[in-house]
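Thanks for coming, everyone. Please bring up the model and keep it on screen while I talk.

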Amino acid sequence: MIPVVLSRARSEDAGGSPPRVNIVAVAILLTCVAIGLWRMIETGNPIPLVVMVVIGLVLMQSPRIAQQWERAVILRLGRFIGLRGPGLFWVVPFVDRVSSWIDQRTITTSFAAEQTLTSDTVPVSVDAVLFWLVHDVQKAALEVQDYTQAVSWAAQTALRDIIGRTELTDLLRGREKIENELQQLIDQRSNPWGVTVSSVEMRDVVIPDALQDAMSREAQAAREKAARIILGQAEMEIAHSFEEAAKSYQQNPTALHLRAMNMLYEGLKEKGALMLIPSSAVESMGMGGLMGAAALAQANLTGGDSGGKDRT
């Protein structure tokens, strides 16, 4: 995949770059034309106008304006003489030439590595974004032909190198570490060109669909295993609690009777509730008398209600 370059150094020789509007140069040309018209009106001869237009066209090549974030690389007869900008500066017409305008703002470059094998032979596709800037304009202009394209290719090859010696698990979980290693590697390669890498951020890591399904099933199995282990530990804790409670009730029969009465109360306090208690439990807990008293009280209540109805 060809890396996408979102910013590029502009050169005066590049045909695709838009023309730079220079107000000072336009003002010089208009001034020369005005002087030529004035002399032509006075003398009635068009030669002064032609001469002043030619002079204006020559002089308008001298003033140049660089933006605050730009630096202009000046060549005099093909030899580097210095940098100019920001603001207004002057060059010698037809002798000096602005070979390129270097942007010193932070530049973003998107790059990717498709179907690259990890160290455990898994093909992955990785998208990343590089944030970088030019810290040495002279090196960026003289040491490399096209520093923006060079940074892009360096980022792509570094990404492939990092992926090739990293396992898939580390690539998915240790993004921050990989981003730091990638930043150091790209910065080491681009520093001789006057470029500094600010940061690298991985946007996406794409793995094959079959591997995604396998990893999903593996994660699901791991979660089920953990759930079963937690359930087993809960059962062990409950059994241990029951064992301790049985020991306490064995040593204290009164507590067992109170617990039985509480169970009976909880079961019968709701209207229409019915509780079935085994006879062995009644005999072992000594609840026969209690159950009999409860039945007798219920019969007395029932009999009282019917007698009252008969009397009425």
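One definition to start: buried means under 20% relative accessible area, exposed means over 50%, and partly exposed lies in between, with a 1.4 Å probe and protein chains only. With that, take Pro 192: its relative accessibility is 47%, so it counts as partly exposed.

Now the ground rules. This is a predicted model, where local features need pLDDT of at least 70, side-chain atom pairs count only at pLDDT 80 or more, and totals for chains, interfaces and linings use all residues. Residues are numbered from 1 along each chain as its sequence is written, and side-chain values use heavy atoms, with hydrogens and water left out.

Back to Pro 192. It is found in the loop between α6 (175–190) and β9. Helices (H or I, at least four residues) and strands (E, at least two) are DSSP runs, numbered from the N terminus. What does Pro 192 contact, leaving aside its neighbours within four places in sequence? Lys 139 and Glu 143. Contact here means heavy atoms within 4.5 Å. Val 144 is 48 residues away from Pro 192 along the chain, and the two C-alpha atoms are separated by 9.0 Å.

Next, the whole chain. It has 10 helices and 9 strands. There are 312 residues, and 27% of them are buried. Take the contacts with a separation of 6 or more: 66% of these are between residues 24 or more positions apart. The accessible surface is about 20100 Å², and carbon and sulfur atoms hold 58% of that. Those areas come from the Shrake-Rupley method with a 1.4 Å probe; for residues, only the protein chains shown count as cover.

On to the helices. Two packed helices are described by the angle between their axes and the distance between the axes. Look at α1 (residues 23–43) and α2 (residues 47–59). They pack at about 170°, and their axes are 8 Å apart. That angle makes α1 roughly antiparallel to α2. The contact includes Ile 28, Leu 29, Cys 32 and Arg 39 of α1, and Pro 48, Met 52 and Gly 56 of α2, among others. Sorted by class, this contact has 14 nonpolar, 3 polar and 1 charged residues.

Some terms for that part. Axes are lines fitted to C-alpha atoms, for helices over the stretch in contact, and angles run from 0 to 180 degrees between N-to-C directions. Under 35 degrees is roughly parallel, over 145 roughly antiparallel, 65 to 115 roughly perpendicular, and the rest oblique. For the classes, Ala, Val, Leu, Ile, Met, Phe, Trp, Tyr, Cys and Pro count as nonpolar; Asp, Glu, Lys and Arg as charged; the others, Gly among them, as polar.

Now the strands. Two strands pair if DSSP finds at least two bridges between them. In what order do the 3 strands of the open sheet run? The order is β4-β3-β6, with antiparallel pairing. β4 and β6 (96–103) are the edge strands, each pairing on one side only. From one strand to the next, the twist averages 25°.

Take the pairs in turn. Strand β3 (residues 70–76) is joined to β4 (residues 79–84) by 5 bridges. Arg 76 has Arg 79 of β4 as its bridge partner. This hairpin has 2 residues between the strands, and Leu 77 takes a positive phi near 55°.

Follow the chain past β4. Gly 85 and Pro 86 are joined by a cis peptide bond, with omega about 0°. Pro 86 sits in the loop between β4 and β5 (87–90). In the loop between β5 and β6 we find Phe 94. Its phi is positive, near 65°, and at 69% relative accessibility Phe 94 is exposed.

β7 (residues 107–117) and β8 (residues 123–134) pair antiparallel over 9 bridges. Thr 109 has Leu 130 of β8 as its bridge partner. There are 5 residues between the strands, and Thr 121 in the turn has a positive phi of about 55°. Gln 115, in β7, also has a positive phi, near 50°.

Last stop: is Ile 207 buried or exposed? Buried, at 10% relative accessibility. Ile 207 lies in the loop between β9 (195–206) and α7 (209–251). Ser 125 is 82 residues from Ile 207 in sequence, and 6.7 Å away in space, C-alpha to C-alpha.
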